[in-house]
Amino acid sequence: MFLRMLVRAAVLRRGRAVSALFAMVVAAAVATAMLNLYVDVQSKLRREFRNYGANIILVGRDGDGDSLPADTLARVDSVLAGRGIAAPFGLVVARTSDGQPIVVAGTDFERVRQLDKWWSVSSWPAESSSSSDSTSSEDQNPHPFDKLRAGSVAQDATRMGHPESSSPALIGVRALAAVAPKGQAFDLSFQGRALHVTPAGTVQTGAAEDSRIYISLADFVAWTGVQPSTVEVAASGSPEEVAGIMKQLAQAIPAGGVRPVRQIMEGEARVLGKTRATLLAAAALIILTAALCVLSTLMG
Amino acid sequence: MFVRLVYESFRRQKRRKLLAGAAITLGVTVATAMIAVATDIGDKINRELRTIGANLVVTPQEDSLDLEIGGVNLKPPTDGAFLSEADLPKIKGTFWHNNITAFAPMLPVSVSIEQDGKRQDVTLLGTYFAKQISFGTDHFTTGVRSTYPWWKVSGTWPEDSSRNVLLGERLAARLGDKAGDEISLAGRQLRVSGILSTGGAEDDEIVAPLALAQEFLGRPGAVKRVNVSALTKPEDAFARRDPKSLSGAIYDRWYCSPYAQSIAFQLAEAIPHSHAEQIRQVAQNEGAVLTRIEGLIFLITLAALFASALAVSSAMATAMFERRAEVGLMKALGAGRLAVASIFFAEATLLALIGGLAGFVVGSGLAHQIGRSIFNSDISIPAVLLPVILAIAVIVTFAGSASAIRRAVGLDPVFALRGEL
């Protein structure tokens, strides 16, 4: 009997029932969407903040300049297990052929490309610096800046003069004016050992990278004998997860010091916190309004 | 007669009117607060993003190479060009000076420190901590404390006119010094007023007032670079155009848009013999974060407006539905459909205006409250919002009651009077 009354009431006053139902469906949908958004905004925004680059730095324990053990990068990768990107950096001060000191860095170009997305690079060097045997006729008298703009690795032109293989390098825009103003290949020396460098592209960041020369890690280690002294890590996740990763890294690499990049972490925490608070206020208001909507439909 | 009917309706059915009015007020409150927050959130989040540090850097035009590894500056001291400290206040004379929230000049100097008979080379970084600067009638305080908010000092910050220094925490650990100690730098005794922790290269350096660093360098008034923190607009294709290729109105539009590129261009104009560019790590990414947050808040505002419109119209429809008997009576007395409809529409308009005004006031207060508690600053309510909100309130109220009025007015008065559908 009770059920019959309910059903008849709905059927006979179809208009009222439908409008009440509609109001409730809309209210529930809006409330669900808002709560979903509130929970989800964190992960969405954190992904944007990973574009700022590394939030953890790994250095040699006894101070800067000390090298990390050779297997450090492999261990970092296994700790991260896909939850971030890591890139190694080795730094030395070398000298050009006219005695000018310049900072040379060795790194893994593929990893740096993913980690430091804000680098403005004209063209990334091809990874291998092994000798290639093609010599095309148009490379006979290449215009140096055309080479850099077109992005081809100008190994062929140099091979004619230098039998040993040449290292492709990324040159910071300030360093370019000092060492290779015409984009030509040049020599560097470190502790008596020479390296022939071919500019493959330029990098501009507005920071220290503009004054450096970047070569591949393999070339760097072979030339200087110095292992990377820093590993930059961009770890994704909440602050607790990142702290957990830092702890795991400290355990996995006892010879290294693990430091947070407070500039990025504190800025991220602050912006995320304020955004969440605003969303919470908005969600509360909207759910209140949706409830009012349902209430007024039922009251009539 | 018309006016009297409307007036009597309000006087005699206070409770019903109050309920409907309350629904309108609540809906308008939510709409006002959300629109106010949405229009201002971009500026608020932009200010929060400034806590990630400077996004522009000004360097001497002729300068070429930096030799810095891990916070140690290896360049010969007098090498390279310098900016002039006297030109710094001109930063506040640029077109976008209100967007420049802080700046800090930097002068790294290589000094040797004596500790237990050993000598090591460290970098002494000269800068402003919280220096008072005047430009014309404008007075402001700027320095690393406002440009780099994540720098923490255990101890006290040095005064800009003093001879106290900060020791980076890793350097302090190596030297075994703490706040209050004295260190000997190139023959001068200096007092460490605090230990600095930044998480960056400065932890291995000594940070001192700019005048002190200039004294060590032997070049008064010299500045190596200036890091500037500015509120910028996200970069787009127009921003990347070369100003030298633009002219006339297009140039004005580029110049008067707060892109990182145009502010950098103006900084280079203001400071003689300088070159200014974005610090890409900071400048490039904040545009993306800002755009995403603004997009998010925009969607939520739309949802809020939709929800409040729904609430108001369903409240009005319900209120209208209850008065079917009245409609029947009026029609039985000879009122035409248009007359009856216009009475109810007039009531609805009045309700919307009163409720809308009340809702606007409460909504503005709510927006202020949200701004103050989350961002510690006021949310500015554009004055044009009031007429817009009132117009929307009237439209939504109309829409809500329209179909109900139409149905009620179309009823046969006999049935309406008897209370049947």
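Axes are lines fitted to C-alpha atoms, for helices over the stretch in contact, and angles run from 0 to 180 degrees between N-to-C directions. In the predicted model, the axes of helix α3 (residues 72–80) and helix α9 (residues 239–252), both of chain A, come within 10 Å and cross at roughly 145°. The crossing of α3(A) and α9(A) is right-handed. On the α3(A) side the contact is made by A:Arg75, A:Val76, A:Val79 and A:Leu80, which meet A:Ile245, A:Gln248, A:Leu249 and A:Ala252 of α9(A). By class, this contact has six nonpolar residues, one polar and one charged.

Confidence was examined for the complex and for each chain. The predictor assigns the complex an ipTM of 0.86 and a pTM of 0.84. Chain A has a mean pLDDT of 82, with 84% of its residues at 70 or more. Over residues 129–163 of chain A the pLDDT falls below 50, although this stretch has 47 contacts in the model beyond near neighbours in sequence. Where pLDDT is low, the predicted coordinates should not be read in detail. For chain B the mean pLDDT is 88, and 98% of the residues reach 70 or more.

The domain assignment divides chain B into domain 1 (2–46 + 289–418) and domain 2 (55–229). The C-alpha centres of domain 1 and domain 2 of chain B are 58 Å apart.

Two packed helices are described by the angle between their axes and the distance between the axes. The axes of α2(B) and α10(B) lie 6 Å apart, and the two helices pack at an angle of about 40°. α2(B) and α10(B) are therefore oblique to each other, and their crossing is right-handed. The residues of this contact comprise 17 nonpolar, ten polar and two charged.

With helix α11 (residues 385–409) of chain B, the axis of α2(B) comes within 11 Å and the crossing angle is roughly 140°. This angle makes α2(B) oblique to α11(B). The crossing of α2(B) and α11(B) is right-handed. From α2(B), residues B:Ile24, B:Val28, B:Ala31, B:Thr32, B:Ile35 and B:Ala36 meet B:Leu385, B:Ile389, B:Ile392, B:Ala393 and B:Thr397 of α11(B). Nine of the residues in the contact of α2(B) with α11(B) are nonpolar and two are polar, with no charged residue.

The contact between the chains takes 57 residues from chain A and 57 residues from chain B. On the side of chain B that touches chain A, at least two residues each come from α2 (14–49), β2 (68–69), β16 (274–278), α8 (280–321) and α10 (337–375) of chain B. The most is given by α8(B), with 21 residues. By class, the residues on this side of chain B divide into 33 nonpolar, 15 polar and nine charged.

Definitions and conventions: Residues numbered from 1 in each chain as written. Chains lettered and ligands numbered in written order. Predicted model: local features only at pLDDT ≥ 70, side-chain atom pairs only at ≥ 80, totals over all residues. Contact = placed C-beta atoms within 7 Å. Helix = DSSP H or I, 4+ residues; strand = E, 2+ residues; numbered from the N terminus. Nonpolar A, V, L, I, M, F, W, Y, C, P; charged D, E, K, R; others polar. Domains from an automatic or database assignment. Parallel < 35°, antiparallel > 145°, perpendicular 65-115°, else oblique. Left-handed = near helix turned anticlockwise from the far one by under 90°. pLDDT = per-residue confidence, 0-100.
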